[in-house]
Amino acid sequence: MARAFLIVMDSVGCGGAPDAAAFGDAGANTLGHIALACAEGRAETGRTGPLRLPNLDALGLGAAIELASGVAAPGLGAVPQGRWGAATEVSRGKDTPSGHWELAGVPVPWDWTYFPDTIPAFPEDLVALVCKLAGTAGILGNCHASGVPIIAEHCEEHLRTGWPICYTSADSVFQIAAHEEAFGLDRLLTLCADLAPHLHAMKVGRVIARPFTGGPGNFKRTANRRDFAIAPPAPTLLDWVAGAGRATHAIGKIGDIFSMRGIGKLWKGKSDLDLFDHLDRLAAEAEEVSLIFANFVEFDSLYGHPRDVSGYARALEWFDSRAGGFLARLRPDDLAIFTADHGNDPTWRGTDHTRERVPVICAGVGVGSLGLRGFVDVAASVAAHLGVAAEGPGRSFL
């Protein structure tokens, strides 16, 4: 009996989105630009030379990049031995929930609410609610920011006043950073949980708890991040599979993204290394008919947003080395799909996600091109492989 592994490499886009200009991202290409930087010797910190991804490239990664964007990525020119293609998103966002929900068969039917890039960024009534729930006289930040710089700017004042550090980005998010000991991790999580229904009613996609430890000059964000995401507007692939009596496993932040809907077992860890250990274990142990849905977030969080090209390349090469062992563990009837939810080109201006197509490369279902597909086709294909009825608009490419 078949199993399906749907593996999202968070932010590993491949350019070419037809509506990229509407997002200010015309020309962005996460994989293509990383490969070019490596080939030109501009990604030499902790690694050296051309980008080496032999396992993913053998499935068709380089071919997928060229199909999506017309870019022949240096070092990624293998003749594909898997099924390969690229997918285009229709949801009007380049964020985590939009990408994952659409990959799971449900495009976002509404416009997200975004906070203006002004100081202050948040309306007075929202700030008042945060203060009431937090029991503080004010908040810090109140602007668009990236996580590490905003904590560095306000860490000392946060420790002195106890006020939470609140910020947003180009995504539909409200983020709260607070010290795990001085403010309290449970207090931070409760604050975000209590605030989430109000923001979800506003069509803000996520409230994100961003705990950290240490002090000014030596703080460190911890693995206790938690996303409080708005629930999907319709049943997703996870619901379809669970409703058919099949087992479902979620690895990483999939539980947060889907509000635990349709998820039988959740596996989390402190790093992508821990998450890959879960993926390997499930490849060896998981039920005969099951969906394993995984998100690997560190490409995005540790290297895309900080615009760390070398770090992103190192992470890709580490992931590829682990992918080789994982692929060797697959059973004859298994399907494994490697894809992404959006881009986050580390060579691009700013610190936000980039609107891009994403690669779709498959093991276990033969060889050949899938062509240009929709995100929703991924869900339809997984459902078809598992013998489950698909309820969304996608078409199977199997």
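Is Asp 300 buried or exposed? Select it: Asp 300 is buried, with a relative accessible area of 5% (buried means under 20%, exposed over 50%, partly exposed in between, using a 1.4 Å probe and protein chains only). A quick note before moving on: this is a predicted model, where local features need pLDDT of at least 70, side-chain atom pairs count only at pLDDT 80 or more, and totals for chains, interfaces and linings use all residues. Numbering starts from 1 along each chain as its sequence is written, and side-chain values use heavy atoms, leaving out hydrogens and water.

Asp 300 sits in helix H11, residues 298–304 (helices, at least four residues, and strands, at least two, are DSSP runs numbered from the N terminus). Show its contacts, meaning heavy atoms within 4.5 Å: beyond four places away in sequence, they include Asp 10, Ser 11, His 342 and His 353.

Next, pick His 305, in the loop between H11 and helix H12 (309–329). Among the residues His 305 touches are Asp 300, Thr 351 and His 353.

Now select Asp 300, His 305 and His 353 together: the unreviewed UniProt entry annotates them as "binding site" (positions follow the numbering used here, feature names are shortened, and annotations may be inferred rather than shown by experiment). They span 54 residues in sequence, yet no two of their C-alpha atoms are more than 8.4 Å apart, so they gather at one spot.

Last stop: strands E3 (residues 140–144) and E4 (residues 165–168) run parallel, joined by 4 bridges (pairing takes at least two DSSP bridges). Find His 144 opposite Thr 168 in E4.
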